[in-house]
Amino acid sequence: MLNYFPKYFTNKAILLYFIALLAVTFAFFSRSMNVLWMVFGVVEVAGFFYFSNLLTLRWSKLSDKTFQKRLIYTSAIIRIVWVVFSYFFYMIMTGQPFEFEAADAHFYHNSAIGFSGLFKTGNFGPYFEFVNKGFSESGYVTYLSIIYLFTGNSILIARLLKVLWSTWTVLLVYKLANRSFGQETGRIAGILTMLMPNLILYCGLHLKEAEMVFLTVAFLERADYLLRSKNFSLKNIIVPFLIVLIMFSFRTVLGVTALFSLLTALLFSTKKILGFGQRFIIGFWVAISVVYFLGGRIASEVEQVVAERTTNQRASMEWRAR
């Protein structure tokens, strides 16, 4: 089995991207992308595939401890550079440190400023009303409000914290893949996650994607560890469920999906991983959690989120089409 990403595939991928870019540009020349975005695209795609080959090859012989250090440091440096660059890039291009056509980012930012100000005065009434109206939207605003409370509404510090979560995500992907498929696959997975343009981009946005991806991967890694280690201590059981609870505060559907995925894994796991008694106990608690979270208001929130996302997605695609 190869322990690196072959240059043959990376070169073909870069070439295919350039061919597609040129073909689309000439076919729709009057509606072609701005040259600036073409440059960004070329850097992202070429950088991802070139370094995927280079780093998986160079780091394949490192000790596990050294590899993890390289993975963490390199991930953090890449993301810090992007956060600082994008902050001033948006300032120059839009006059504010937010992405183009920012909408949700303004809502999160302004809400966090308001709530952090209320927290300082000890007035929590409006905050509890906000949580009661929409628990699935309260998590990120609460998180951002606490950061603003201690940093003086610093946008840059909030984004630098995203670097921490994204870097941690990279390490968790490595551990999860290493445990499931072996060290060679784990190292490739870690490096690909480190270089993934979307995950780097999220760190420079004032949206909640970086945190949601981290929570999702953290849940997967901890749930997988619980199932494979057979160490059903209180800590190992509580941690995945605490992560799920936080996921519900970010997006209800995400929390429901996490619980169902764990229940499904339990049902289809082999006896080597879980015995019948262990499977029954964990499955019982997962089933109770699913029933609880799907009951009453949570079920209506799921329906509301689906309806809102459908409407918002349609409007977003219409705007992009124009």
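Let's start with α7 (155-181) and helix α8 (residues 183-195), whose axes come within 7 Å and cross at roughly 155°. (Helices are DSSP runs of H or I, at least four residues, numbered from the N terminus; axes are lines fitted to C-alpha atoms over the stretch in contact, with angles from 0 to 180 degrees between N-to-C directions.) That makes α7 roughly antiparallel to α8, a label for angles over 145 degrees. The crossing is right-handed, meaning the near helix is turned clockwise from the far one by less than a right angle.

Bear in mind that this is a predicted model, where local features need pLDDT of at least 70, side-chain atom pairs count only at pLDDT 80 or more, and totals for chains, interfaces and linings use all residues. Residues are numbered from 1 along each chain as its sequence is written, and side-chain values use heavy atoms, leaving out hydrogens and water.

Who meets whom here? On the α7 side you'll find V170, Y174 and F181 among others, and on the α8 side residues including R187, A189 and M194; contact means heavy atoms within 4.5 Å.

Now for the largest nonpolar core, with 49 residues. Such a core is a set of buried Ala, Val, Leu, Ile, Met, Phe, Trp, Tyr and Cys residues joined through side-chain atoms within 4.5 Å, buried being under 20% relative accessible area with a 1.4 Å probe, protein chains only. L144, Y148 and F219 have the most contacts inside it. Helix α7 is one of those supplying at least two residues, while α10 gives the largest share, eight residues. Apart from this core lies another, of 15 residues, among them F49, F67, I191 and M194.

Note on methods: Buried means under 20% relative accessible area, exposed over 50%, partly exposed in between (1.4 Å probe, protein chains only). Angles under 35 degrees count as roughly parallel, over 145 as roughly antiparallel, 65 to 115 as roughly perpendicular and the rest as oblique.
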